[in-house]
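The following paragraphs lead the reader through one protein structure. Please keep the sequence and the three-dimensional view at hand while reading.

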Amino acid sequence: MRNGKCTIFDALLWIHIPVILLSNAASGQSDSSSSVVVAGYNVSAPARTEVVLQCLSSRMVWTQDREKDRQRVVHWDLYRPMPDFAMERVADMFSAGDQRIYNSYNQGRVSLSQSAFKDGNFSLVIQAVTMNDRGLYSCNLHHHYCHLYETIRVQLNVTKSRRKEQRFWDGQKAVFVVLRGSAVVLPCVNRRSVWTDGGSEEEQQVVHWDRQPPGVNHDRADRLVDLYASGEQRSYGSLFLQRKMNISNSAFSQGDFSLTIADLQPTDQGLYSCHLHHHYCGLHERRVFQLNVGPPLTRTTLPPVALPKEDKETSKEISPRVINVILPDQRHHFLLPLGYVLTTFLLLAFIILIIILITRCHRSQEFYPQKSVRSSRSQSSSDDFEMEVTDGRTSSPDDRTLDYKNNLLKEMVKMTSVPKVIDLDKEMEKFGK
C-alpha cells in the first residue's frame with residue numbers, strides 16, 4: 001500500500017492461501033510418476049488359440065505439433081450476472097507470446113504477462129477498475145497436444161468504500177472486492193512443466209507390458225515388452241516368448257498398444273498390465289487384464305451311420321423318360337409375317353374406301369337438298385294421281401275429261417325441273433275445238 005493506492009505487488013500478496021494450496025496440490029498429483037489403474041478386464045480363452053489384450057489411448061498418439069505457438073493457449077472470459085447474463089471474451093495469449101485484447105475499451109487497460117508461459121503466471125491485470133468490470137472471470141488453459149483443459153475462476157466485485165475492500169475464499173472460488181479506480185490482479189498460476197517452457201514435448205513416451213503369474217506380487221512381475229515413441233522396442237524373456245507376444249509397430253501412430261498372444265497354453269494365464277507413461281503431458285495410466293486359459297476346443301466327429309437297405313424294386317435303375325418333339329420344316333417361315341402385313345394393308349384400304357364413299361354421299365346431300373325434296377314430292381304426287389286414274393276407269397264416260405286432266409297434271413309434275421305455267425281453261429278450249 002503506497003500513498004493510499006493498491007499496487008500490483010500488494011494485490012498479489014493478498015491472494016488467499018487456499019488458491020495456492022489448490023494449485024500446488026493439483027500440480028503434485030498430476031506430476032506423480034505412479035501409474036493409476038483406469039480399467040480392469042477379465043479375459044477367458046481356450047488353449048491353442050490366439051487372444052488380443054486391447055490397450056487403447058488417443059492421448060498417447062505421437063503427433064508432434066510443428067506450430068508450437070498454437071499448441072498451448074490461455075484465454076480469459078467474463079460472465080456478467082443480472083441483468084445481462086452474457087459471456088464475453090476478454091483476452092487470450094498463445095505460447096509464442098502473441099496476445100490479443102478483444103474489446104477496444106480494454107486496450108492498454110487489461111494485459112497478461114509476456115513471460116506467462118515461462119514462469120506459469122497467467123494472471124490478468126486490470127487498471128482503473130470500473131463498475132462494468134464486475135462479474136465472474138475464468139482463466140482457461142488449453143493444451144491441444146496433451147488434450148489438457150484446466151479452469152480457474154475468480155469473482156470480481158467493485159465498491160466505492162475503501163473499508164469494504166477484501167479478498168476471501170467462498171469454498172469454490174476466490175472473491176475479490178476492490179475499490180473503484182484502483183488496479184487489480186486476478187490470479188491464475190500453474191507452474192507445471194507442461195504449461196511452462198521447462199519441459200519439452202520431444203520427451204519420449206513409453207509403454208510396457210508386465211505379467212504377474214498367479215501367487216506372485218506386483219513388484220516381482222515379469223517385464224514382457226517395452227515400446228518407445230522413437231520406434232525402439234525391447235522384448236524380454238526367451239526367444240519363444242518374444243515370438244509369441246508382440247505389439248504392432250504402428251502403435252504410437254494409431255494409439256493401439258494391444259498385446260497379441262499366440263498359441264495360448266495353461267502356463268500363460270495370470271495378471272497382465274499395460275502401463276502408459278507420457279512424462280511431458282503428465283500421463284501415467286495402467287490397464288489390468290486377468291487372463292484365464294480354458295481347455296482346448298475338441299472337434300467332435302459323428303460315427304458313420306449305415307444306410308437303410310433298399311428293396312430290389314427300388315434298386316433297379318429307372319430309365320429316364322424321353323419326350324421327342326418333331327418340329328415342322330421352317331424353310332418358308334418368312335412368308336407368314338409377310339402375309340400378315342399384306343392382309344393388314346388390304347383391310348386398311350377397304351376401311352378407307354368406305355369412309356370416302358360415306359363422306360361423298362354426305363357432301364352431295366349438302367349441295368342439292370331441294371332436288372331430293374322435289375323428287376320425293378313428285379314421286380308421291382304421281383302415286384296419288386295413278387291411284388285416282390285407276391279408280392276412274394270404273395267411272396262413267398263423263399269422267400273421261402277429268403281423267404285427261406289428271407294425265408296432264410301428271411305430266412306437269414314430271415316436268416318440275418323446268419317450271420311452266422299452264423292455263424287449263426285455254427287447254428280445254430283447244431281440245432273443245
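The side chains of Lys173 and Asp170 form a salt bridge, with an N to O distance of 2.9 Å. Lys173 has a relative accessible area of 17% and is therefore buried, the limit being under 20%. Asp170, at 38%, is partly exposed.

Lys244 is joined to Asp268, their closest N and O atoms lying 2.3 Å apart. Because Lys244 belongs to helix α4 (residues 239-244) and Asp268 to the loop between β17 (259-261) and β18 (270-278), this pair ties together parts that are 24 residues apart in sequence. Both Lys244 and Asp268 are buried. Another salt bridge connects Glu88 with Arg80, where the closest N and O atoms are 3.0 Å apart. Asp210, Arg223 and Asp226 are linked in a network of such bridges. Over the whole structure, a search finds 11 salt bridges.

Attention may now turn to the strands. Seven of them make up an open sheet in the order β5-β4-β3-β8-β9-β11-β10, and their pairing is mixed. The edges are held by β5 (99-101) and β10 (166-169); each has a single partner strand, so one side of each is left without a neighbour in the sheet. On average, neighbouring strands of this sheet are turned by 20° against each other, direction ignored. Strands of a sheet pair through backbone hydrogen bonds, in either a parallel or an antiparallel sense. Between β9 (residues 148-159) and β11 (residues 174-179) the pairing is parallel and extends over six bridges. Leu156 has Phe176 in β11 as its bridge partner.

The loop between β11 and β12 (184-186) contains Ser182. With a relative accessibility of 12%, Ser182 counts as buried. Which residues does Ser182 touch, not counting those up to four places away in sequence? They are Ile126, Gln127, Ala128, Val129 and Glu165. Ser182 and Ala128 are 54 residues apart in sequence, yet their C-alpha atoms are 5.0 Å apart in space. The side chain of Ser182 also reaches the backbone oxygen of Leu179, at 2.5 Å.

Finally, the confidence of the prediction deserves attention. The protein has a mean pLDDT of 76, and 67% of its residues reach 70 or more. In residues 1-33 the pLDDT is below 50, and this stretch has 36 contacts in the model beyond near neighbours in sequence. Residues 385-395 also have a pLDDT below 50, with eight contacts of that kind. Where pLDDT is low, the predicted coordinates should not be read in detail.

Technical notes:
Residues are numbered from 1 along each chain as its sequence is written. This is a predicted model: local features need pLDDT of at least 70, side-chain atom pairs count only at pLDDT 80 or more; totals for chains, interfaces and linings use all residues. Side-chain values use heavy atoms; hydrogens and water are left out. Two strands pair if DSSP finds at least two bridges between them. Helices (H or I, at least four residues) and strands (E, at least two) are DSSP runs, numbered from the N terminus. Axes are lines fitted to C-alpha atoms, for helices over the stretch in contact, and angles run from 0 to 180 degrees between N-to-C directions. pLDDT is the predictor's confidence in each residue, from 0 to 100. Contact means heavy atoms within 4.5 Å. Buried means under 20% relative accessible area, exposed over 50%, partly exposed in between (1.4 Å probe, protein chains only). A polar contact is a pair of N or O atoms within 3.5 Å; within protein, one must be able to donate a hydrogen and the other to accept it, and residues adjacent in sequence count only if both atoms are side-chain atoms. A salt bridge is a side-chain nitrogen of Lys or Arg within 4 Å of a carboxyl oxygen of Asp or Glu.
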